[in-house]
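Dear colleague,

My notes on it follow directly after.

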Amino acid sequence: MARPHGHQPAELRRLALATVFPGFDGTTPPAWLLELAAEGLGGAVLFGRNVDPDGGDDAVREMTGRLHDAGPHLLVAVDEEGGDVTRLDVATGSTFPGSAALGAVDDVDLTRDVATALGARLRGVGVDLNLGPVADLELDPRNPTVGVRAFGAEAQLVARHVAAFVAGQQSAGVGAAVKHFPGHGATDEDSHVTVPTVTSSRELLEARELVPFRAALEVGAQVVMTAHIRLPALDPDLPATLSPAVVDGLLRRELGFAGVVMTDGMDMHAISRTVGHEEGAVLALLAGVDALCLGGDSTDRALVERVVAAVVRAVTDGRIPYGRLAEAVGRLDRLVAWSRRPVPPVPVDDEAGRRAAARAIVSGGRVALTADPLVLELEDEPSIAAGQVPWGVGTPLRRRWPGTVVVTVHEDGPDPVRVATSHAARPLVVALRATRRRAWQREAVAALRALRPDLVVVDHDLPSGPDVLGDRYVLTYGSSLVGAEAAADLLTAGRGAGGPAGTARTAAAPA
């Protein structure tokens, strides 16, 4: 078939390339990425594997500088939510509390301050776009991918904190990508491994899931990221990322969003193992998406070239209108212009995360320790979204009290009761973060409490029930480093090694 309207292959390649955002391996940009950046690649997404733990922010700044030098219009994106999901602090745990902690405090000024500080840090290391905040509601306790990444379960609470986060972060000059449209919370499945279905009616979506997204658009969110979920009330066949009814119909026409729409990672099985990357890219563009996030597993030039070739072929064959591709690139160009505009410098508040984490902490009963403890950390497989990041109160406790013993317990061992018995003279602290999903952890806590009724539970997840927490507990609402340190301050207050006693909020164990 003849090329439509005489558009040349080089022009179509340039436009197609501008929509693509791959990841890459290593702590320095590979040659192929720099070459594609010079050709007009739309962006690059940083993951934990790209951050040199020894180089810190300086190394990230050098890396993003090389990317921007190679492609002046390239957007550098990162998934830096705080809490459980961090890339810059992947070696230590996040220096910012996550959404659940901020939602638990429910102070929008605090949320805005944290987001501003995070944005200032990201801007300082050369990041243009943060793939957050999460606007999903925490609706199903079995959900393997939302949980503490959400501000909460109530639509209006989530809406006000999403809006505050977007406003704060963007005031520092870093675009916000609000996700996962139109809401990933009401399912117990993960789009990393399947195509989840959300059965909410259109009326329920309006009253619940869409409320935080509307709030984000009202404060000028630059980007909306789609979810790879099927919503029969909107489209009986296609997941949201590939659905014209969801993207063009609901998000564009009904909600009036004129900014950039970006896919969630297209390496996720909901796309890569159904229609595949190439067809997924074509269908997403047809649906009204502008930016194709290839995802964390997309680390080579060959995949980028296949996706670009598929888009060019679809335009050449008349399947994708040329105007649709040009429209997508035009929106991305406006985002680049927004990100390159002069922004009054915002000082990086290095203590914002620590202050917020201390306010989020909740304790019940007497938790201050009087001797070096035994800490049993009940390990859980990390979510695919978060990846492997250090967590737990054990390391901060050991820094304060070097005599602390920390033992990691997996489902297959060691036996926590036997370990506790061998350290019977020590106070016992049990750190956990998965009892809502892992029966073995609930059973382990019950067995330990039968042996040691005086144990202290430190819950690094959404709060477990009273059967797990007992009457001596600390709640951190997530697995950030600053949350663990705030918990350690409470536990060590009795010997003057941490923060002042009684600084945490107190509450009855959640029902």
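A pocket, as used here, is an open set of points on a 1 Å grid over the protein atoms alone where a 1.4 Å probe fits, with protein on both sides within 12 Å along at least five of seven lines; lining residues have an atom within 4 Å of a point. A volume is the space filled by probe spheres set on the points, which are joined across faces, edges and corners. The model is predicted, so local features need pLDDT of at least 70 and side-chain atom pairs count only at pLDDT 80 or more, while totals for chains, interfaces and linings use all residues. Residues are numbered from 1 along each chain as its sequence is written, and side-chain values use heavy atoms, with hydrogens and water left out.

Pockets

The largest pocket has 32 lining residues, and Phe47, Arg87, His192, Gly296 and Ile384 lie nearest its centre. Its volume is about 580 Å³. The lining comprises 11 nonpolar, 13 polar and eight charged residues; Ala, Val, Leu, Ile, Met, Phe, Trp, Tyr, Cys and Pro count as nonpolar, Asp, Glu, Lys and Arg as charged, and the others, Gly among them, as polar. At least two lining residues come from each of strand 5 (175-181) and strand 8 (292-295). Strands (E, at least two residues) and helices (H or I, at least four) are DSSP runs, numbered from the N terminus.

The second largest pocket holds about 380 Å³ of space. Among the 24 residues that line the second largest pocket, Pro144, Asp380, Pro382, Ser383 and Arg437 are the closest to its centre. That lining divides into nine nonpolar, seven polar and eight charged residues.

Six strands form an open sheet in the order 2-3-4-5-6-7, with parallel pairing; two strands pair if DSSP finds at least two bridges between them. Strand 2 (43-46) and strand 7 are at the edges with a single partner strand each, so one side of each has no neighbour in the sheet. Strand 3 (residues 75-78) and strand 4 (residues 129-130) run parallel, joined by two bridges, and alanine 77 has leucine 129 in strand 4 as its bridge partner.

Strand 6 joins strand 5 through three bridges, in parallel, with alanine 177 opposite valine 223 of strand 6. Three parallel bridges also link strand 6 to strand 7 (residues 260-262), where valine 261 is the bridge partner of valine 224. From strand 6 (residues 223-226), Val223 and Met225 point one way and Val224 and Thr226 the other, and all are buried (under 20% relative accessible area, with a 1.4 Å probe and protein chains only).

Strand 12 (residues 428-432) pairs with strand 13 in the parallel sense over four bridges. Leucine 432 has aspartate 459 of strand 13 as its bridge partner.

Helices

Valine 311 is part of helix 12 (residues 301-316) and counts as buried because its relative accessibility is 1%. Leaving aside residues up to four places away in sequence, valine 311 touches Ala16, Ala281, Val282, Leu285, Ile320 and Leu325; contact means heavy atoms within 4.5 Å. Just after helix 9, glycine 256 adopts a positive phi of about 75°.

Confidence

The protein averages a pLDDT of 93, and 95% of the residues score at least 70; pLDDT is the predictor's confidence in each residue, from 0 to 100. Over residues 497-503, pLDDT stays under 50.

Yours sincerely

How values were computed: Buried means under 20% relative accessible area, exposed over 50%, partly exposed in between (1.4 Å probe, protein chains only).
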